[in-house]
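Hello,

I am passing a structure on to you, with some notes to read beside it. Please open it first, and then come back to the text.

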Amino acid sequence: MRPIRPLLSLLLGPFFLAAALGFAGPAAAHDAAESSNPEQGASLPAPPEQVSVTFNNNPLGIGASISIKDAAGTEWADGPVQIVDNVASQKLRAGGPAGEYTVSWRVVSSDSHPIEGSFGFTAAGAAGGTPQATGTTAPAAVPGMGTAEPGVTAEPSVPADSGEPFQWSIVVFAAAALGLLAALAVIARRRLSAGGEEQAGGE
C-alpha cells in the first residue's frame, strides 16, 4: 500500500501544476498600474500641473479617462488624456484650491480589457499664483513699448534734410537746361539773321 502514494503523487502532480498555471495565467495577462505621480497620499505645496499613471504594459489609446476632483467635487481635469508608451497623463486647470484631491483613472489595457483605479493627494496651497504672475508681466511690457517712444526715431530724420540737396540738384539741372535752351535760341537767331543777310545781298 505504501508504494501507491508516491505513484499517485507522480501522476496527479502535473495536473495540479497545470491547473494552477491555468488559473494564474489569465490573471497575470491583465495589465496593472505600477505607480502614480503624485504618489498615493502625497502632500504637495500646490496642485501639480498634471498627474500621471504608469502601467506595466502600454495601454490602448482609446477609452482612457482621468478625473481629478477636489474636496468640493469640482473637476480640475483639463483636456484629453495623453498616453505615451506605458504612461497616461492628465493636465490640470490653473487655479486649483488647497486641500485634498481624488484622481480616478480608467484605461483600456493592451489585451483590450478595461482597468481602473484611484489615488489621492493633498495640496497645502492653491495654484492661483501663476496667473497673477503672468498678469504682472503684461504691464511690464507696456513701459517697454513706452521707452521706445522717447527714442523718437522721427527726430533723427536726417534723411529729410538729405532730401534737400537732391531738390537743389534738380534746380541746378533745370537752370542748366534753361541755359542751354537760351544759348541754342541765340545761336539759332544768329544763324537765321546771317542767312537773311546773305539772301538780301544776293538779290
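How many aromatic pairs does the count come to? The count comes to 2 aromatic pairs, where rings of Phe, Tyr and Trp (its six-membered ring) pair if their centres lie within 6.5 Å, and planes under 30 degrees apart count as stacked, over 60 as edge-to-face and the rest as tilted. A pair of aromatic rings is described by the distance of the centres and the angle of the planes.

Before the details, a word on the model. It is a predicted one, in which local features need pLDDT of at least 70 and side-chain atom pairs count only at pLDDT 80 or more, while totals for chains, interfaces and linings use all residues. Residues are numbered from 1 along each chain as its sequence is written, and side-chain values use heavy atoms, with hydrogens and water left out.

The aromatic pairs

Take phenylalanine 55 and tryptophan 105 to begin with. Their ring centres are 5.2 Å apart and their planes are at 80°, so this pair is edge-to-face. Phenylalanine 55 sits in strand 3 and tryptophan 105 in strand 7, so the pair links distant parts of the chain, 50 residues apart. Strands here are DSSP runs (E, at least two residues), and helices would be runs of H or I with at least four; both are numbered from the N terminus. Phenylalanine 55 counts as buried because its relative accessibility is 1%, and tryptophan 105 counts as buried at 9%. Buried means under 20% relative accessible area, exposed means over 50%, and partly exposed is in between (1.4 Å probe, protein chains only).

Tyrosine 101 and phenylalanine 121 form a stacked pair, with 5.2 Å centre to centre and 5° between the planes. Tyrosine 101 belongs to strand 7 and phenylalanine 121 to strand 8, so this pair ties together parts that are 20 residues apart in sequence. Tyrosine 101 and phenylalanine 121 are both buried.

An open sheet of 4 strands has the order 1-3-6-5, with antiparallel pairing; two strands pair if DSSP finds at least two bridges between them. Its edge strands, each pairing on one side only, are strand 1 (33-37) and strand 5 (77-84). From one strand to the next, the twist averages 15°, an angle taken between N-to-C directions on a scale from 0 to 180 degrees, with axes fitted to C-alpha atoms.

Strand 1 and strand 3 (residues 50-55) run antiparallel and are joined by 4 bridges. There, alanine 33 stands opposite phenylalanine 55, the residue from the edge-to-face pair.

Strand 7 has antiparallel partners too: strand 4 over 6 bridges and strand 8 over 10 bridges. Isoleucine 66 has tryptophan 105 in strand 7 as its bridge partner, and valine 108 stands opposite proline 114 in strand 8.

The core

Which residues touch the most other members of the largest nonpolar core? They are Val51, Ile66, Trp105 and Phe121, in a core of 19 residues. Such a core is a set of buried Ala, Val, Leu, Ile, Met, Phe, Trp, Tyr and Cys residues joined through side-chain atoms within 4.5 Å. Among the elements that give two or more residues to this core are strand 2 (42-44), strand 4 (65-70) and strand 6 (87-92). Valine 51 touches residues including Ile66, Ile68, Val103 and Phe121, not counting residues up to four places away in sequence; contact means heavy atoms within 4.5 Å.

Turns and loops

Serine 36, in strand 1, counts as buried because its relative accessibility is 19%. A polar atom of the serine 36 side chain lies 2.9 Å from the backbone oxygen of proline 38.

Aspartate 85 is in the loop between strand 5 and strand 6 and is exposed, with a relative accessible area of 56%. Serine 112 is in the turn of the hairpin that strand 7 and strand 8 form with 5 residues between them, and serine 112 is exposed at 51%.

Enjoy looking around!

Conventions
A polar contact is a pair of N or O atoms within 3.5 Å; within protein, one must be able to donate a hydrogen and the other to accept it, and residues adjacent in sequence count only if both atoms are side-chain atoms.
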